[in-house]
Amino acid sequence: MSKDTTIPPLFTPFSLREITFKNRIMMSPMCMYSAKDLDGTPNEFHIAHLGARALGGAGLICTEMTQISPNGRISLGDAGIWDDKHIEPWKRVVDFVHQNSEAKIALQLGHAGRKGCNPLSWERTNPLPNHLHWEMLAPSAIPFGPDTNAPREMNEADMASIKDAFVSAAKRADKAGFDMIELHCGHGYLLSSFISPLSNHRDDIYGGSIENRMKFPLEIYQAVRTIWPEKKPISARISAVDWVKGGNEIKDAITIAAMFNDVGLDILDVSSGNVTHEKRPPLTGLFQTPLSETIRNNIDIPTITVGNITTGKQANEIISESCADICAIGKGHLYDPFWSHHAARELGYTEPWPKQYLAANNFRENNDRMTQ
Ligand SMILES: Cc1cc2nc3c(=O)[nH]c(=O)nc-3n(C[C@H](O)[C@H](O)[C@H](O)COP(=O)(O)O)c2cc1C
């Protein structure tokens with residue numbers, strides 16, 4: 001952390017391998033269900049959406065969960081990178097971010113597993129018609145909830161082909177110019193469903209203890225790491241706790257973090273829950289930040305914290321109190337693409353605006369942010 005007291009800790013740079021983020025603010029991954037022609041292809045929407053938050057000052061932009069295969073989708077609108085035809089459209093997004101900002105951009109890679117076959121998020125009053133369903137894969141044939149179809153239990157061939165698909169997707173991500181990959185190992189999607197005892201009832205080496213349940217996600221990480229350029233970092237998002245009786249607890253999260261650390265993961269993105277249809281208890285405020293802090297205090301691995309971070313002051317305190325190394329902002333970025341610049345002003349600091357927007361320095365607003 002910088003000793004320069006004129007720079008709020010939130011706005012100090014942070015490096016992983018050879019990639020340096022200009023500040024500690026990340027745009028959190030958020031599914032937009034807006035792929036062109038429902039074939040996974042990102043389009044002008046993704047350039048505008050991710051580009052705006054890069055212009056908005058975040059040091060790290062993360063894409064939505066981008067699927068490694070068509071049957072790894074949550075909905076037909078999901079973004080994908082399962083085909084070479086996706087490389088060029090993603091490169092346009094990455095190039096826009098690199099050419100118009102100092103932000104770095106990560107691709108969140110995932111597979112929805114048993115959480116597939118959904119309508120677009122704004123069409124969920126009715127289920128997806130049966131004729132549009134695809135085969136869902138999971139560690140065990142346990143449905144996500146009472147109203148969802150059962151997935152098929154994965155066999156060794158499925159596991160090998162999913163691993164190949166992650167590796168091919170990562171190669172495409174590199175060709176598209178992404179600076180970092182985040183593996184989605186949280187929220188009940190495929191890799192997460194291996195880690196949680198609630199969704200993994202396997203009796204082979206991939207089930208049972210937390211060490212066994214971690215085997216498949218670690219194999220995916222290691223396979224991706226071998227082809228991902230040495231200079232570029234990899235993150236993994238986890239559900240640190242399941243918030244459901246019988247599920248993973250913070251002691252398991254420490255084991256998960258230790259196991260990822262042992263194989264060289266660069267940073268852990270600490271989220272929680274969403275592993276079954278059961279809702280987590282009503283938790284408010286920065287309820288996930290203590291999970292990041294506990295992991296960071298026990299295991300020597302950098303962390304990203306996320307969840308309900310609203311103000312620059314909160315984010316700055318998280319960094320200055322060493323609860324995390326990066327703050328991910330989700331809904332805040334939907335509400336305000338310029339969240340980072342506004343947080344800087346709130347902290348009495350000027351984050352350099354894009355050259356086209358320099359006049360924004362002279363804008364004076366009279367709202368709560370300015371008076372906090
Ligand atoms: C519209 C929307 C889509 C989301 N999609 C993803 C996703 O693709 N991958 C992921 O890991 N989390 C996803 N999340 C979770 C966010 O990344 C974040 O963890 C969560 O919103 C809490 O942070 P916040 O309070 O700052 O919004 C999504 C959240 C929202 C609101």
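Each exercise below consists of a task and a solution in steps.

The model is predicted: local features need pLDDT of at least 70, side-chain atom pairs count only at pLDDT 80 or more, and totals for chains, interfaces and linings use all residues. Residues are numbered from 1 along each chain as its sequence is written.

**Exercise 1. Describe the packing of helix α1 against helix α2.**

Step 1. Helices (H or I, at least four residues) and strands (E, at least two) are DSSP runs, numbered from the N terminus. Helix α1 covers residues 44-55 and helix α2 covers residues 87-100.

Step 2. The angle between α1 and α2 is about 25°, and their axes are 9 Å apart. Axes are lines fitted to C-alpha atoms, for helices over the stretch in contact, and angles run from 0 to 180 degrees between N-to-C directions.

Step 3. Angles under 35 degrees count as roughly parallel, over 145 as roughly antiparallel, 65 to 115 as roughly perpendicular and the rest as oblique. Therefore α1 and α2 are roughly parallel to each other.

Step 4. From α1, His46, Ile47, Leu50, Gly51, Ala54 and Leu55 meet Arg92, Val93, Phe96, Val97 and Asn100 of α2. Two residues are in contact if their C-beta atoms, placed from the backbone, lie within 7 Å.

Step 5. This contact of α1 with α2 comprises seven nonpolar, three polar and one charged residue. Here Ala, Val, Leu, Ile, Met, Phe, Trp, Tyr, Cys and Pro count as nonpolar, Asp, Glu, Lys and Arg as charged, and the others, Gly among them, as polar.

**Exercise 2. Determine how α2 and α3 lie relative to each other.**

Step 1. The axes of α2 and α3 come within 8 Å and cross at roughly 45°.

Step 2. The two helices α2 and α3 are therefore oblique to each other.

Step 3. On the α2 side, Ile87, Trp90, Lys91 and Val94 meet Arg172, Lys175 and Ala176 in α3. The classes in this contact of α2 with α3 are four nonpolar, no polar and three charged.

**Exercise 3. Is isoleucine 267 buried or exposed, and which residues does isoleucine 267 contact?**

Step 1. Isoleucine 267 belongs to strand β10, residues 267-271.

Step 2. A residue is buried if 20 or more other C-beta atoms lie within 10 Å of its own, exposed if 12 or fewer, and partly exposed in between, with C-beta atoms placed from the backbone. Isoleucine 267 has 23 other C-beta atoms within 10 Å and is therefore buried.

Step 3. Leaving aside neighbours within four places in sequence, isoleucine 267 is in contact with Leu16, Pro233, Ser235, Pro302, Thr303, Ile304 and Asp325.
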